[in-house]
Amino acid sequence: MCGIVGYVGSRPSQNILMSGLARLEYRGYDSAGIAVIGEDGTLGMRKRAGKLSVLRDDLARTPLPDGTTGIGHTRWATHGGPTDRNAHPHLADDGKLAVIHNGIIENFAELKAELESDGAVFASETDTEVAAQLLAREYHRNGDDLEAAFRATVNRLDGAFTLLAMHEDHPGLVVGARRNSPLVIGLGEGENFLGSDVAAFVEHTRSALAIGQDQIVAITPDGVRVTDFDGGEVEVEPFEVTWDAAAAEKGGWPSFMAKEVSEEPDAVANTLRGRLRENTVAIPELDGLDELFRGIHRIVVIACGTAAYAGQVGKYALEQWARVPVDVELAHEFRYRDPVLDAGTLVVSISQSGETMDTLMAVKYARERGAKTLSICNTQGATIPRESDAIVYTHAGPEVAVASTKAFVAQITALYLLALHVGRVRGTLPADVQAQQVAELEAVPGKISWILEREQERVTQLARWMADTRSVLFLGRHVGFPIALEGALKLKEISYIHAEGFAAGELKHGPIALIEPGQPVFVIVPSPVFSAQLHDKVVSNIQEIRARGARVIVVAEEGDAAVLPFADEVLHIPLAGPLFEPLLAVVPLHIFAMGLATAKGLDVDQPRNLAKSVTVE
Ligand code: F6R
């Protein structure tokens, strides 16, 4: 949460900062601000509550003197409401020092009291301003040495933070630090960048450095120096950003979400690429881990939100193909309940951003307790993969819309690849079963494209008709259950409509009381070809709710005639093997949520109260 960008070089920095912030706006959008050391050597700052466009309009009306050193911030409020005053940057040292921050400084109250007793006066309610005032005090105590003062400051802070600072006495220098919060360096020619993620600078350079935990970086136009919190020099890992700036552009689509839903086939295809071999799966990143996979007796999947639903789908594949018991846990619940972990437990984390604080903390907790950790992640150089023993990247490309769509199908794909890889290594998968699953996986991108081509318009039309709906229920069984949960989450998240997902079999244990005449219910119907028994059970559930007046919208395989008499609407998906239906059934649900939010005139990319990367607990 919160997007951060820093620049030093020879070009005017304001446009660079503003376009970096535009690419990071998905991280928070309740206020934004920039600070620039102008040509005249003085520090100028502008910040405004509201989306980035408010700041942009303000700067267009009353320009800020430009200069070649600057920092910028887009905020998701934690301490203090989303006001001009609480927006970042925060200034100190009589307006000569500017600080921006992502995260939460947990000991801010105690530090604030200490600074106030020293005479400091605060202009905002934020924890960030405490860091700014502390840095100003340390700056003078350290002979105006910004880097030394910054080191002294971060060593006093508890909690999670990425901080950037600059001082007008030091044009051409931006310092940054990170603890449990993201920060990457972009390397240019005679210019350097800092960003919460590579999107901040990918239009200028694809050459990047990932900074580790508890490290400080100082960038100047010609150099980058990384040290630890004690001042020791640190070697940093360079990496090449694999996608270009265009991948994170809307490119003619009405929204990032529309673009990203259209990219679901590619997200699956790109995640499969290089991992399928002659009727089997071999994930090169997992070479050398056979012993580990043979030795495990349990897998715990940890994730949040949509990623956790991907985990719930993956559980079926991991248990069926690799024959390992799997528990799926919400990361924020997992580490607060003293879970049983040992060296025979493999903890698989799933995160699009790789920065979700709850998931990161759960991974660290699991490692400290002796479990092995494997990260399924979509973002190169992110913190969670860096903190894990092994990584399987999803290759969905940058996901900008707050609601996760293409990353979800990529996560399920990666989990299926993992299940097939581990199953092969453990010898639990006969060759013909492997070959069958590989063929199913290879067919998924084409089948998703089929849904987009054939059903998108119809689903969108249905969403328009239902724009006044106040509540929608989603039902599924087996792998359809997590898809029901995902359909409900997506709808409430972007259209602000009450929605609930249930296991279809659970209905008669309570939720059926919600059914009244006209209540819309989406039902994900399992394949009659591959799961006749499950199919018939779900058709019985449909009859139960129809009898009570529900309006039934089914997501069913093309050719499933048995379901037609009981459905008010049928959304078709192609025939797919037993575990592959989730990758298809979710597509109409993503389209539906997007269509309904659009029909209500809402911003589908930036829903209220949310941010894409949840870097606070
Ligand atoms: C829902 C959504 C969230 C994320 C969750 C985890 O559409 O996007 O529920 O799935 O916040 O985020 P990552 O995957 O970045 O850890």
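Reply: Cysteine 2 counts as buried because its relative accessibility is 6%, where buried means under 20% relative accessible area, exposed over 50% and partly exposed in between, with a 1.4 Å probe and protein chains only. The model is predicted, so local features need pLDDT of at least 70 and side-chain atom pairs count only at pLDDT 80 or more, while totals for chains, interfaces and linings use all residues. Residues are numbered from 1 along each chain as its sequence is written, and side-chain values use heavy atoms, with hydrogens and water left out.

A disulfide is a covalent bond between the sulfur atoms of two cysteines. Here it is taken as a pair of cysteine sulfur atoms within 2.5 Å, and by that rule the count is zero. Cysteine 2 is in no disulfide, since the nearest cysteine sulfur, that of cysteine 304, is 18 Å away. Cysteine 377 also has cysteine 304 as the closest partner, but the two sulfurs are 13 Å apart, too far for a bond. With 1% relative accessibility, cysteine 377 counts as buried.

Now the ligand. It is surrounded by 14 residues, and the closest are Ser351, Gln352, Ser353, Thr356 and Glu493; a residue is near a molecule if one of its heavy atoms lies within 4 Å of it. The shell divides into five nonpolar, seven polar and two charged residues. Both domain 2 (250–429) and domain 3 (445–607) give residues to this shell, so the ligand lies between them; the domain bounds come from an automatic or database domain assignment.

A polar side-chain atom of threonine 356 is 2.4 Å from one. For glutamine 352 a backbone N or O atom lies at 2.6 Å from a ligand oxygen, and for serine 404 a backbone N or O atom lies at 2.9 Å. Taken alone, the ligand exposes 410 Å², of which the protein buries 91%; these areas come from the Shrake-Rupley method with a 1.4 Å probe. The elements giving two or more residues to the shell are α9 (305–322) and α15 (480–495), with helices being DSSP runs of H or I of at least four residues, strands runs of E of at least two, numbered from the N terminus.

One further residue is glutamate 189, in the loop between β9 (184–187) and β10 (192–195). Its relative accessibility is 78%, so glutamate 189 counts as exposed. Glutamate 235 is 46 residues from glutamate 189 in sequence, and their C-alpha atoms are 20 Å apart.

Technical notes: Polar contact = N/O pair within 3.5 Å; in protein donor to acceptor, adjacent residues only side chain to side chain. Nonpolar A, V, L, I, M, F, W, Y, C, P; charged D, E, K, R; others polar.
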